[in-house]
Structure formats: C-alpha cells, structure tokens
Amino acid sequence: DPSRINIPVVGGHAGVTILPLLSQTTPWPPGGFSAEELHRLTDRIQNGGTEVVEAKAGAGSATLSMAAAAAHFAHSCLRAMDGERGVVECAYV
C-alpha cells in the first residue's frame, strides 16, 4: 500500500536533480531493496512529473504535485514553530 510508505526526496525540479533517499524509507521493506528495485524506483520517482504530463496528454503539468509538497512542508514548519517536537522534513539547500 503506497499510502503507508514514506520515501524522503530532496533536490531539484526534474530528472537527475531529484534525489530519492531510498535508504531512509519507512517502514523499511523486509529484505530491503534489490539493485533492480533501486534502479526502477529511482527512475520512476525522478520521472514522476513526466508521467503526469504524459497522462494529461500534454494538456498541463505536474504543478499540483509541487503545490502539495510545498503545502506539506509549510504545514510541518508551522507545526514545529508551534512547539511540536519531532517534526522532520527533508530539504536540499
């Protein structure tokens, strides 16, 4: 169930600038990832925006994904500023 897996991702906007931190996956899958799984997951994560554009037949972009990520990050910042402990987010600065 993908909704129960967290893979932190840092980096840029597209392609190889997107860095999935697969070693930080929670929960860690039993037996870890094979080399083939690492390759396939990395490629799929790095090219997710392209998949969205292709699915929309070129009639849009993946900006909703970026907006959702920004909202999630901002919400985490606000929770931390409000004193909640243990709030962790990834950032590439």
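The model is predicted, so local features need pLDDT of at least 70 and side-chain atom pairs count only at pLDDT 80 or more, while totals for chains, interfaces and linings use all residues. Residues are numbered from 1 along each chain as its sequence is written, and side-chain values use heavy atoms, with hydrogens and water left out.

Let's start with the whole chain. Its secondary structure comes to three helices and two strands; here helices (H or I, at least four residues) and strands (E, at least two) are DSSP runs, numbered from the N terminus. Starting at the N terminus, the order is β-β-α-α-α. The C-alpha trace spans about 45 × 40 × 30 Å along its principal axes. Of the 93 residues, 12% are buried, where buried means under 20% relative accessible area, exposed over 50%, and partly exposed in between (1.4 Å probe, protein chains only).

Next, look for empty space. Rolling a probe the size of a water molecule over the atoms shows where such space is left. On a 1 Å grid over the protein atoms alone, a cavity is a set of points where a 1.4 Å probe fits but cannot get out, and a pocket is an open set with protein on both sides within 12 Å along at least five of seven lines; lining residues have an atom within 4 Å of a point. Grid points are joined across faces, edges and corners, and a volume is the space filled by probe spheres set on the points.

The largest pocket has a volume of about 1500 Å³. It is lined by 39 residues, and Val9, Ile18, Ile45, Ser65 and Ala69 are the closest to its centre. Strand E1 (9-11) and helices H1 (35-46), H2 (48-55) and H3 (63-81) each give two or more residues to this lining. H3 gives the most, with nine residues.

Finally, visit the loop between strand E2 (18-20) and H1, where you will find Thr25. Thr25 is buried, with a relative accessible area of 5%. Leaving aside neighbours within four places in sequence, Thr25 is in contact (heavy atoms within 4.5 Å) with Ile5, Asn6, Ile7 and Phe33. A polar atom of the Thr25 side chain also lies 2.7 Å from the backbone oxygen of Leu22. Pro27 is found in the loop between E2 and H1 too, and the peptide bond from Thr26 to Pro27 is cis, with omega near -10°.

Definitions and conventions:
Polar contact = N/O pair within 3.5 Å; in protein donor to acceptor, adjacent residues only side chain to side chain.
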